[in-house]
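Please look at the sequence and the structure before reading on.

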Amino acid sequence: MTTTPTPPPVPTPAEAEAVRRQREAVQQALASAPLRAQGELQLPGQRLRYRVDAGFVPAFSHVPGQSPEPEAAIFTTAYQLEAPEGSEPAAAAVQRPICFAFNGGPGASSAFLHIGLMGPKRVTILDNGQMPPPPYVVQDNPLSWLAQFDLVFVDPPHTGSSLSAGDEVRKKHFSVDGDIAVLSDAVCEWLTRHRRWGSPVLLCGESYGTTRCAAMTETLADAGVPLAGLILVSTAMDFQALEFSPRNDLPYALFLPAFAAVAQYHGTLKGEAGASPEAALAAANDFVHREYLSALHRGGALEPRARSRVARRVGELTGLAPALVEQHHLRISDSTFFVEALRSRGRTVGRMDARVTGPMGLAQPQGMEFDPGLDPLWGPFAMAAQHYFGQLGMDSSRRYHLFGPEVIKEWNFLRGSAKGNQYACTSVELARVMRRLPHLRVLVASGIYDLATPVSATDWSLDQLDLPEAVRANLLHKRYAGGHMMYSRESELQQLQRDLVDWLAALPQRQAATA
(Lines give C-alpha, C1' and ligand atoms only; values in the text may rest on other atoms or scores of the structure.)
Protein backbone atom coordinates (compact mmCIF):
# COMPACT_ATOMS: atom_id res chain seq x y z
CA MET A 1 0.00 0.00 0.00
CA THR A 2 1.41 3.37 -1.00
CA THR A 3 0.68 6.62 0.74
CA THR A 4 0.43 10.00 -0.91
CA PRO A 5 2.65 12.59 0.76
CA THR A 6 0.78 15.47 2.31
CA PRO A 7 1.45 18.68 0.38
CA PRO A 8 2.88 21.57 2.41
CA PRO A 9 0.27 24.01 3.68
CA VAL A 10 -0.36 27.08 1.56
CA PRO A 11 0.59 30.19 3.52
CA THR A 12 -2.09 32.77 4.15
CA PRO A 13 -1.59 36.25 2.66
CA ALA A 14 -0.57 37.53 6.11
CA GLU A 15 1.99 34.73 6.52
CA ALA A 16 3.37 35.33 3.03
CA GLU A 17 3.71 39.03 3.78
CA ALA A 18 5.52 38.30 7.04
CA VAL A 19 8.02 36.05 5.23
CA ARG A 20 8.53 38.75 2.58
CA ARG A 21 9.30 41.34 5.25
CA GLN A 22 11.70 39.00 7.05
CA ARG A 23 13.59 38.21 3.85
CA GLU A 24 13.69 41.88 3.02
CA ALA A 25 15.13 42.65 6.47
CA VAL A 26 17.87 40.05 5.91
CA GLN A 27 18.69 41.52 2.47
CA GLN A 28 18.83 45.04 3.92
CA ALA A 29 21.13 43.91 6.71
CA LEU A 30 23.45 42.17 4.24
CA ALA A 31 23.49 45.27 2.03
CA SER A 32 24.29 47.62 4.90
CA ALA A 33 27.83 49.00 5.17
CA PRO A 34 29.92 47.41 7.93
CA LEU A 35 30.99 49.48 10.92
CA ARG A 36 34.70 50.17 10.68
CA ALA A 37 37.12 51.69 13.14
CA GLN A 38 40.75 51.56 14.18
CA GLY A 39 42.18 51.22 17.65
CA GLU A 40 45.30 50.78 19.70
CA LEU A 41 45.90 48.65 22.75
CA GLN A 42 48.89 49.16 25.00
CA LEU A 43 50.27 45.92 26.43
CA PRO A 44 53.38 45.40 28.55
CA GLY A 45 56.25 45.91 26.13
CA GLN A 46 54.15 46.32 22.99
CA ARG A 47 51.41 48.38 21.38
CA LEU A 48 48.84 46.62 19.20
CA ARG A 49 47.27 48.54 16.32
CA TYR A 50 44.06 46.91 15.10
CA ARG A 51 41.05 47.49 12.91
CA VAL A 52 37.45 46.70 13.74
CA ASP A 53 34.95 45.36 11.19
CA ALA A 54 31.42 44.86 12.49
CA GLY A 55 28.82 43.78 9.97
CA PHE A 56 26.72 41.02 8.51
CA VAL A 57 27.71 37.90 6.60
CA PRO A 58 25.16 35.64 4.90
CA ALA A 59 24.53 32.04 5.80
CA PHE A 60 23.08 30.02 2.95
CA SER A 61 20.70 27.12 2.60
CA HIS A 62 22.38 24.61 0.33
CA VAL A 63 19.65 22.66 -1.45
CA PRO A 64 20.77 20.38 -4.32
CA GLY A 65 19.57 21.74 -7.67
CA GLN A 66 18.77 25.19 -6.30
CA SER A 67 20.86 28.34 -6.27
CA PRO A 68 21.99 29.28 -2.75
CA GLU A 69 19.75 31.81 -1.02
CA PRO A 70 20.63 33.66 2.19
CA GLU A 71 18.68 32.18 5.07
CA ALA A 72 20.24 34.43 7.70
CA ALA A 73 22.21 37.62 8.18
CA ILE A 74 24.78 36.84 10.87
CA PHE A 75 26.28 39.79 12.72
CA THR A 76 30.00 39.50 13.41
CA THR A 77 32.50 41.79 15.08
CA ALA A 78 36.09 41.22 13.98
CA TYR A 79 39.38 42.54 15.33
CA GLN A 80 42.41 42.12 13.09
CA LEU A 81 45.89 43.40 13.77
CA GLU A 82 47.25 45.94 11.36
CA ALA A 83 50.28 44.67 9.49
CA PRO A 84 53.62 45.86 10.88
CA GLU A 85 55.26 48.65 8.91
CA GLY A 86 57.30 47.38 5.99
CA SER A 87 55.53 43.98 5.79
CA GLU A 88 53.09 42.66 3.23
CA PRO A 89 49.57 42.95 4.77
CA ALA A 90 48.23 39.82 3.09
CA ALA A 91 51.24 37.74 4.10
CA ALA A 92 51.00 38.92 7.70
CA ALA A 93 47.32 38.03 7.87
CA VAL A 94 47.86 34.55 6.43
CA GLN A 95 50.43 33.77 9.10
CA ARG A 96 48.24 34.91 12.00
CA PRO A 97 45.71 32.56 13.59
CA ILE A 98 42.09 33.65 13.89
CA CYS A 99 39.57 32.62 16.52
CA PHE A 100 35.76 32.60 16.13
CA ALA A 101 33.95 33.02 19.45
CA PHE A 102 30.43 31.95 20.44
CA ASN A 103 28.51 32.37 23.68
CA GLY A 104 25.70 30.13 24.84
CA GLY A 105 22.16 30.17 26.11
CA PRO A 106 20.98 29.15 23.64
CA GLY A 107 19.91 32.70 22.98
CA ALA A 108 22.97 34.67 24.11
CA SER A 109 24.93 37.00 21.88
CA SER A 110 28.72 36.87 21.88
CA ALA A 111 28.97 39.96 24.12
CA PHE A 112 30.09 38.10 27.26
CA LEU A 113 33.21 36.69 25.61
CA HIS A 114 33.60 39.85 23.52
CA ILE A 115 33.66 42.56 26.21
CA GLY A 116 34.19 40.29 29.20
CA LEU A 117 37.18 38.14 28.25
CA MET A 118 38.71 38.17 24.80
CA GLY A 119 38.24 41.53 23.09
CA PRO A 120 40.46 44.63 23.27
CA LYS A 121 37.72 46.38 25.27
CA ARG A 122 36.28 45.10 28.55
CA VAL A 123 33.25 46.15 30.57
CA THR A 124 33.99 47.65 33.98
CA ILE A 125 32.64 45.36 36.71
CA LEU A 126 33.40 44.76 40.37
CA ASP A 127 35.85 42.06 41.40
CA ASN A 128 33.68 40.87 44.32
CA GLY A 129 30.78 39.73 42.13
CA GLN A 130 28.41 42.47 43.35
CA MET A 131 26.37 44.78 41.14
CA PRO A 132 28.38 47.91 40.28
CA PRO A 133 26.68 51.30 40.10
CA PRO A 134 26.14 52.88 36.66
CA PRO A 135 27.30 54.07 34.22
CA TYR A 136 28.49 50.90 32.47
CA VAL A 137 31.30 51.43 29.98
CA VAL A 138 34.15 49.56 28.34
CA GLN A 139 37.81 50.24 28.81
CA ASP A 140 41.03 48.87 27.32
CA ASN A 141 41.63 45.21 28.16
CA PRO A 142 45.36 44.57 28.64
CA LEU A 143 44.61 40.83 28.89
CA SER A 144 42.87 40.70 25.51
CA TRP A 145 43.37 37.55 23.48
CA LEU A 146 44.02 39.78 20.46
CA ALA A 147 47.66 39.56 21.49
CA GLN A 148 47.53 35.87 20.53
CA PHE A 149 45.25 35.79 17.47
CA ASP A 150 42.71 37.80 15.50
CA LEU A 151 39.17 37.63 16.84
CA VAL A 152 35.71 37.23 15.31
CA PHE A 153 32.70 37.36 17.63
CA VAL A 154 29.65 35.68 16.10
CA ASP A 155 26.02 36.30 17.08
CA PRO A 156 23.64 33.42 16.22
CA PRO A 157 20.25 34.23 14.62
CA HIS A 158 18.03 36.42 16.81
CA THR A 159 20.84 37.38 19.17
CA GLY A 160 22.87 40.56 18.85
CA SER A 161 21.61 41.96 15.56
CA SER A 162 21.42 38.68 13.59
CA LEU A 163 18.27 37.72 11.66
CA SER A 164 16.62 34.68 10.06
CA ALA A 165 14.86 34.96 6.70
CA GLY A 166 11.40 33.68 7.69
CA ASP A 167 9.64 31.72 10.40
CA GLU A 168 10.35 28.28 8.92
CA VAL A 169 14.06 29.06 8.65
CA ARG A 170 13.99 30.53 12.14
CA LYS A 171 12.49 27.27 13.43
CA LYS A 172 15.38 25.38 11.83
CA HIS A 173 17.95 27.74 13.36
CA PHE A 174 16.41 27.24 16.81
CA SER A 175 17.66 23.65 16.98
CA VAL A 176 20.93 21.90 17.78
CA ASP A 177 21.57 20.74 14.22
CA GLY A 178 20.24 23.85 12.47
CA ASP A 179 22.35 26.10 14.69
CA ILE A 180 25.49 24.10 13.93
CA ALA A 181 24.82 24.24 10.19
CA VAL A 182 24.05 27.95 9.92
CA LEU A 183 26.99 29.05 12.06
CA SER A 184 29.45 26.74 10.30
CA ASP A 185 28.37 28.25 7.00
CA ALA A 186 28.77 31.75 8.45
CA VAL A 187 32.37 30.95 9.46
CA CYS A 188 33.18 29.79 5.92
CA GLU A 189 31.53 32.89 4.44
CA TRP A 190 33.52 35.14 6.75
CA LEU A 191 36.80 33.46 5.79
CA THR A 192 35.94 33.88 2.11
CA ARG A 193 34.87 37.53 2.29
CA HIS A 194 37.89 38.54 4.39
CA ARG A 195 40.38 36.38 2.45
CA ARG A 196 41.53 34.48 5.53
CA TRP A 197 41.51 30.89 4.27
CA GLY A 198 45.28 30.84 4.74
CA SER A 199 45.07 31.44 8.49
CA PRO A 200 45.04 28.75 11.19
CA VAL A 201 41.48 28.72 12.56
CA LEU A 202 40.37 28.19 16.16
CA LEU A 203 36.95 28.15 17.82
CA CYS A 204 36.07 29.31 21.32
CA GLY A 205 32.71 28.51 22.88
CA GLU A 206 31.24 29.22 26.29
CA SER A 207 28.39 27.24 27.91
CA TYR A 208 25.96 26.31 25.09
CA GLY A 209 28.67 27.72 22.85
CA THR A 210 30.65 24.59 23.75
CA THR A 211 27.67 22.48 22.65
CA ARG A 212 27.75 24.05 19.19
CA CYS A 213 31.54 24.33 18.87
CA ALA A 214 32.16 20.68 19.72
CA ALA A 215 30.03 19.67 16.73
CA MET A 216 31.08 22.59 14.51
CA THR A 217 34.64 21.33 14.78
CA GLU A 218 33.66 18.28 12.73
CA THR A 219 31.24 20.15 10.45
CA LEU A 220 33.98 22.62 9.56
CA ALA A 221 36.48 19.81 9.00
CA ASP A 222 34.03 18.31 6.50
CA ALA A 223 33.80 21.74 4.83
CA GLY A 224 37.57 21.93 4.43
CA VAL A 225 38.40 23.88 7.60
CA PRO A 226 40.41 21.59 9.90
CA LEU A 227 40.82 23.55 13.11
CA ALA A 228 44.12 24.33 14.78
CA GLY A 229 42.53 24.44 18.22
CA LEU A 230 39.31 24.43 20.22
CA ILE A 231 38.69 26.30 23.49
CA LEU A 232 35.73 25.24 25.66
CA VAL A 233 34.74 27.52 28.55
CA SER A 234 32.21 26.06 31.02
CA THR A 235 31.40 22.94 29.07
CA ALA A 236 27.92 21.66 28.17
CA MET A 237 28.43 18.92 25.58
CA ASP A 238 26.36 16.25 27.36
CA PHE A 239 23.02 17.46 28.66
CA GLN A 240 22.33 14.21 30.47
CA ALA A 241 25.01 15.29 32.94
CA LEU A 242 23.29 18.64 33.55
CA GLU A 243 19.52 18.10 33.48
CA PHE A 244 17.74 17.06 36.67
CA SER A 245 14.91 14.96 35.32
CA PRO A 246 13.04 11.81 36.43
CA ARG A 247 15.13 8.62 36.36
CA ASN A 248 18.28 10.51 35.45
CA ASP A 249 20.50 10.13 38.53
CA LEU A 250 23.68 11.31 36.82
CA PRO A 251 23.49 15.04 37.66
CA TYR A 252 22.77 14.33 41.34
CA ALA A 253 26.14 12.62 41.52
CA LEU A 254 28.02 15.05 39.29
CA PHE A 255 26.79 18.21 41.02
CA LEU A 256 27.61 16.97 44.53
CA PRO A 257 31.34 17.90 44.39
CA ALA A 258 30.44 21.44 43.29
CA PHE A 259 27.92 21.68 46.14
CA ALA A 260 30.72 20.65 48.51
CA ALA A 261 33.09 23.31 47.15
CA VAL A 262 30.38 25.95 47.57
CA ALA A 263 29.60 24.78 51.10
CA GLN A 264 33.30 25.01 51.94
CA TYR A 265 33.44 28.56 50.58
CA HIS A 266 30.48 29.67 52.72
CA GLY A 267 31.79 27.95 55.84
CA THR A 268 29.12 25.26 56.19
CA LEU A 269 31.41 22.31 55.47
CA LYS A 270 33.11 20.91 58.56
CA GLY A 271 36.01 18.54 59.21
CA GLU A 272 38.89 17.74 56.87
CA ALA A 273 36.75 18.35 53.76
CA GLY A 274 36.23 21.93 54.91
CA ALA A 275 39.94 22.77 54.89
CA SER A 276 40.02 23.94 51.26
CA PRO A 277 37.96 23.79 48.06
CA GLU A 278 40.33 21.14 46.76
CA ALA A 279 39.73 19.01 49.87
CA ALA A 280 35.97 19.46 49.48
CA LEU A 281 36.03 18.40 45.83
CA ALA A 282 38.24 15.39 46.57
CA ALA A 283 36.07 14.20 49.48
CA ALA A 284 32.85 14.51 47.47
CA ASN A 285 34.29 12.82 44.39
CA ASP A 286 35.55 9.94 46.54
CA PHE A 287 32.11 9.50 48.11
CA VAL A 288 30.37 9.67 44.71
CA HIS A 289 32.57 6.96 43.22
CA ARG A 290 32.73 4.78 46.31
CA GLU A 291 29.13 4.77 47.51
CA TYR A 292 26.74 7.46 46.27
CA LEU A 293 26.21 6.29 42.69
CA SER A 294 25.49 2.76 43.89
CA ALA A 295 23.00 4.05 46.45
CA LEU A 296 21.14 6.10 43.84
CA HIS A 297 21.06 3.10 41.55
CA ARG A 298 19.39 0.95 44.22
CA GLY A 299 16.65 3.50 44.79
CA GLY A 300 13.91 2.26 47.14
CA ALA A 301 15.68 -1.09 47.51
CA LEU A 302 18.47 0.54 49.51
CA GLU A 303 18.60 -0.89 53.04
CA PRO A 304 17.38 1.67 55.67
CA ARG A 305 20.65 1.75 57.58
CA ALA A 306 22.60 2.41 54.39
CA ARG A 307 20.07 5.04 53.41
CA SER A 308 20.60 6.90 56.69
CA ARG A 309 24.38 6.66 56.29
CA VAL A 310 24.25 8.09 52.78
CA ALA A 311 21.89 10.88 53.82
CA ARG A 312 24.20 11.81 56.67
CA ARG A 313 27.24 11.93 54.38
CA VAL A 314 25.45 13.99 51.71
CA GLY A 315 24.45 16.38 54.49
CA GLU A 316 28.04 16.62 55.72
CA LEU A 317 29.30 17.39 52.21
CA THR A 318 26.64 19.99 51.38
CA GLY A 319 25.98 21.60 54.74
CA LEU A 320 22.34 20.48 54.52
CA ALA A 321 20.36 18.69 57.22
CA PRO A 322 20.30 14.88 56.75
CA ALA A 323 16.51 14.98 57.26
CA LEU A 324 16.22 17.28 54.23
CA VAL A 325 18.41 14.91 52.20
CA GLU A 326 16.17 11.97 53.15
CA GLN A 327 13.08 14.02 52.33
CA HIS A 328 14.48 14.47 48.82
CA HIS A 329 15.13 10.73 48.44
CA LEU A 330 18.92 11.30 48.74
CA ARG A 331 18.80 13.50 45.62
CA ILE A 332 19.71 17.17 46.00
CA SER A 333 19.04 19.10 42.81
CA ASP A 334 20.54 22.46 41.91
CA SER A 335 17.22 24.23 42.51
CA THR A 336 17.06 22.73 46.01
CA PHE A 337 20.64 23.69 46.85
CA PHE A 338 20.22 27.30 45.66
CA VAL A 339 17.61 28.03 48.33
CA GLU A 340 18.49 25.54 51.09
CA ALA A 341 22.27 25.95 51.33
CA LEU A 342 22.05 29.27 53.19
CA ARG A 343 18.36 29.42 54.14
CA SER A 344 19.33 29.87 57.80
CA ARG A 345 21.04 33.12 56.78
CA GLY A 346 18.15 34.24 54.57
CA ARG A 347 20.33 34.07 51.45
CA THR A 348 20.01 32.47 48.02
CA VAL A 349 23.12 30.96 46.42
CA GLY A 350 23.95 32.00 42.85
CA ARG A 351 23.83 29.60 39.93
CA MET A 352 26.38 31.23 37.65
CA ASP A 353 28.70 32.01 40.56
CA ALA A 354 27.76 30.33 43.82
CA ARG A 355 30.11 32.52 45.86
CA VAL A 356 27.66 35.36 45.27
CA THR A 357 24.46 35.33 47.32
CA GLY A 358 21.29 37.41 47.35
CA PRO A 359 18.71 38.17 50.04
CA MET A 360 15.56 36.08 50.23
CA GLY A 361 12.21 37.73 50.71
CA LEU A 362 10.71 37.63 54.18
CA ALA A 363 8.43 34.80 53.06
CA GLN A 364 11.54 32.64 52.37
CA PRO A 365 10.44 31.23 48.97
CA GLN A 366 10.89 27.59 48.06
CA GLY A 367 12.47 28.39 44.68
CA MET A 368 15.11 30.77 43.32
CA GLU A 369 13.52 34.08 42.33
CA PHE A 370 16.62 35.52 40.63
CA ASP A 371 20.23 34.50 40.13
CA PRO A 372 22.47 36.65 42.33
CA GLY A 373 25.48 35.27 40.47
CA LEU A 374 24.22 36.57 37.10
CA ASP A 375 22.33 39.79 37.80
CA PRO A 376 25.47 41.81 38.66
CA LEU A 377 26.79 41.01 35.17
CA TRP A 378 23.62 41.11 33.10
CA GLY A 379 22.81 44.81 33.30
CA PRO A 380 26.37 46.10 32.92
CA PHE A 381 27.02 43.88 29.89
CA ALA A 382 23.73 44.79 28.21
CA MET A 383 24.21 48.53 28.58
CA ALA A 384 27.94 48.52 27.85
CA ALA A 385 27.47 46.45 24.66
CA GLN A 386 24.73 48.75 23.35
CA HIS A 387 26.83 51.81 24.16
CA TYR A 388 29.95 50.34 22.54
CA PHE A 389 28.24 49.47 19.27
CA GLY A 390 26.71 52.93 19.27
CA GLN A 391 30.22 54.37 19.50
CA LEU A 392 31.22 52.24 16.51
CA GLY A 393 28.38 53.84 14.55
CA MET A 394 25.55 51.31 14.73
CA ASP A 395 22.31 52.74 13.35
CA SER A 396 20.19 54.01 16.23
CA SER A 397 17.20 52.13 14.77
CA ARG A 398 19.04 48.82 15.25
CA ARG A 399 19.28 47.40 18.76
CA TYR A 400 21.94 44.94 19.91
CA HIS A 401 20.24 42.17 21.91
CA LEU A 402 22.41 40.67 24.63
CA PHE A 403 19.98 37.77 24.92
CA GLY A 404 16.93 36.64 22.92
CA PRO A 405 14.55 35.13 25.49
CA GLU A 406 12.35 33.61 22.79
CA VAL A 407 15.27 31.53 21.50
CA ILE A 408 15.63 29.17 24.45
CA LYS A 409 11.84 28.91 24.81
CA GLU A 410 11.52 27.64 21.24
CA TRP A 411 14.77 25.62 21.08
CA ASN A 412 14.62 22.06 19.77
CA PHE A 413 17.21 19.96 21.59
CA LEU A 414 16.47 16.80 19.58
CA ARG A 415 18.99 15.82 16.94
CA GLY A 416 18.68 14.15 13.56
CA SER A 417 15.39 12.34 12.98
CA ALA A 418 14.76 11.73 16.70
CA LYS A 419 11.18 12.46 17.75
CA GLY A 420 11.10 11.21 21.36
CA ASN A 421 13.07 11.79 24.54
CA GLN A 422 16.71 12.59 23.96
CA TYR A 423 19.47 14.44 25.78
CA ALA A 424 21.42 16.74 23.48
CA CYS A 425 24.98 15.47 23.04
CA THR A 426 27.78 16.76 20.81
CA SER A 427 30.75 15.12 22.52
CA VAL A 428 30.56 12.22 20.06
CA GLU A 429 31.47 14.55 17.19
CA LEU A 430 34.31 16.05 19.20
CA ALA A 431 35.85 12.65 19.96
CA ARG A 432 35.55 11.59 16.32
CA VAL A 433 37.12 14.76 14.92
CA MET A 434 39.95 14.56 17.47
CA ARG A 435 40.72 11.09 16.14
CA ARG A 436 40.53 12.43 12.58
CA LEU A 437 42.78 15.47 13.12
CA PRO A 438 46.03 14.51 14.87
CA HIS A 439 47.09 18.16 15.19
CA LEU A 440 43.87 19.34 16.92
CA ARG A 441 44.38 20.52 20.50
CA VAL A 442 41.55 21.23 22.96
CA LEU A 443 41.72 23.52 26.00
CA VAL A 444 38.88 23.25 28.55
CA ALA A 445 38.29 25.83 31.31
CA SER A 446 36.00 25.22 34.31
CA GLY A 447 35.07 27.22 37.39
CA ILE A 448 34.78 25.29 40.65
CA TYR A 449 31.95 27.56 41.87
CA ASP A 450 29.91 27.13 38.68
CA LEU A 451 26.53 25.50 39.39
CA ALA A 452 25.38 25.67 35.76
CA THR A 453 28.09 23.44 34.25
CA PRO A 454 29.93 22.00 37.30
CA VAL A 455 33.55 20.96 37.02
CA SER A 456 32.80 17.31 37.88
CA ALA A 457 30.17 17.15 35.14
CA THR A 458 32.81 18.41 32.72
CA ASP A 459 35.27 15.81 34.03
CA TRP A 460 32.69 13.10 33.37
CA SER A 461 31.94 14.40 29.87
CA LEU A 462 35.63 14.49 28.95
CA ASP A 463 36.23 11.06 30.48
CA GLN A 464 33.52 9.59 28.23
CA LEU A 465 35.21 10.78 25.03
CA ASP A 466 36.14 7.75 22.92
CA LEU A 467 39.83 8.59 22.58
CA PRO A 468 42.96 6.42 22.50
CA GLU A 469 45.54 7.46 25.07
CA ALA A 470 47.74 9.17 22.48
CA VAL A 471 44.84 11.34 21.27
CA ARG A 472 43.62 12.07 24.81
CA ALA A 473 46.99 13.73 25.41
CA ASN A 474 45.77 16.52 23.09
CA LEU A 475 43.13 17.47 25.68
CA LEU A 476 43.88 19.84 28.57
CA HIS A 477 41.40 20.67 31.37
CA LYS A 478 42.13 23.67 33.60
CA ARG A 479 40.19 24.61 36.75
CA TYR A 480 39.71 28.09 38.17
CA ALA A 481 38.52 29.58 41.45
CA GLY A 482 35.56 31.15 39.69
CA GLY A 483 32.04 30.63 38.50
CA HIS A 484 30.50 30.02 35.09
CA MET A 485 32.19 33.17 33.78
CA MET A 486 35.37 32.72 35.77
CA TYR A 487 36.92 35.61 33.87
CA SER A 488 34.69 38.08 35.72
CA ARG A 489 37.31 38.12 38.51
CA GLU A 490 40.69 39.71 37.77
CA SER A 491 42.82 36.93 39.29
CA GLU A 492 41.16 34.20 37.20
CA LEU A 493 41.23 36.38 34.09
CA GLN A 494 44.99 36.64 34.51
CA GLN A 495 45.41 32.91 35.14
CA LEU A 496 43.29 32.00 32.13
CA GLN A 497 45.44 34.31 30.00
CA ARG A 498 48.63 32.61 31.22
CA ASP A 499 47.20 29.16 30.55
CA LEU A 500 46.10 30.23 27.06
CA VAL A 501 49.57 31.51 26.19
CA ASP A 502 51.21 28.27 27.37
CA TRP A 503 48.66 26.16 25.49
CA LEU A 504 49.08 28.12 22.25
CA ALA A 505 52.85 27.81 22.44
CA ALA A 506 52.46 24.03 22.08
CA LEU A 507 50.16 24.10 19.04
CA PRO A 508 51.84 22.45 16.02
CA GLN A 509 50.51 25.21 13.74
CA ARG A 510 52.09 27.91 15.88
CA GLN A 511 55.45 26.18 15.73
CA ALA A 512 55.24 25.80 11.96
CA ALA A 513 54.12 29.41 11.47
CA THR A 514 56.97 30.88 13.49
CA ALA A 515 59.69 28.52 12.28
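Which residues are buried in H3? They are Ala111, Phe112, Leu113, His114, Ile115, Gly116, Leu117 and Met118, where buried means under 20% relative accessible area, exposed over 50%, and partly exposed in between, with a 1.4 Å probe and protein chains only. Eight of the eight residues of helix H3 (residues 111–118) are buried, so this helix is largely enclosed by the rest of the structure.

This is a predicted model, in which local features need pLDDT of at least 70, side-chain atom pairs count only at pLDDT 80 or more, and totals for chains, interfaces and linings use all residues. Residues are numbered from 1 along each chain as its sequence is written, and side-chain values use heavy atoms, with hydrogens and water left out.

**Helix H5 against helix H6**

- Helix H5 (residues 176–193) packs on helix H6 (residues 208–222) at an angle of about 60 degrees, and their axes are 9 Å apart. Axes are lines fitted to C-alpha atoms, for helices over the stretch in contact, and angles run from 0 to 180 degrees between N-to-C directions.
- Helices (H or I, at least four residues) and strands (E, at least two) are DSSP runs, numbered from the N terminus.
- The H5 side of the contact (heavy atoms within 4.5 Å) consists of Val176, Asp179, Ile180, Leu183, Ser184, Val187 and Cys188. These meet Tyr208, Arg212, Ala215, Met216, Thr219 and Leu220 in H6.
- By class, nine nonpolar, two polar and two charged residues make up the contact of H5 with H6. Ala, Val, Leu, Ile, Met, Phe, Trp, Tyr, Cys and Pro count as nonpolar, Asp, Glu, Lys and Arg as charged, and the others, Gly among them, as polar.
- Arg212, found in helix H6, counts as buried at 2% relative accessibility. Beyond its neighbours within four places in sequence, Arg212 is in contact with Phe102, Asn103, Gly104, Pro156, Asp179, Ile180, Leu183 and Trp411.

**Nonpolar cores**

- A nonpolar core is a set of buried Ala, Val, Leu, Ile, Met, Phe, Trp, Tyr and Cys residues joined through side-chain atoms within 4.5 Å.
- The largest nonpolar core has 101 residues, of which Phe100, Phe102, Leu203, Tyr292, Leu430, Val442 and Leu451 touch the most other members. Helix H7 (residues 250–265) gives the most to this core, with 12 residues.
- A second, separate core of 62 residues includes Ile115, Tyr400, Leu402 and Trp503.
- Not counting residues up to four places away in sequence, the contacts of Leu203 include Cys99, Phe100, Phe102, Cys213 and Met216.

**Helix H14**

- In helix H14 (residues 427–436), the buried residues are Ser427, Glu429, Leu430, Ala431, Val433 and Met434.
- These buried residues of H14 pack against several elements, including H6, strand E10 (229–235) and helix H15 (455–463).

**Cysteines**

- The count of disulfides (pairs of cysteine sulfur atoms within 2.5 Å) comes to zero.
- For Cys99, the nearest cysteine sulfur is that of Cys204, 5.3 Å away. Cys99 counts as buried, at 0% relative accessibility.
- For Cys425, the nearest cysteine sulfur is that of Cys213, 15 Å away. Cys425 counts as partly exposed, at 24% relative accessibility.

**Val123**

- Val123 lies in strand E5 (residues 121–123) and is buried, with a relative accessible area of 2%.
- Not counting residues up to four places away in sequence, Val123 touches Ile115, Val137, Val138, Pro380, Phe381 and Ala384.
- Val123 and Pro226 are 103 residues apart in sequence and 33 Å apart in space, C-alpha to C-alpha.
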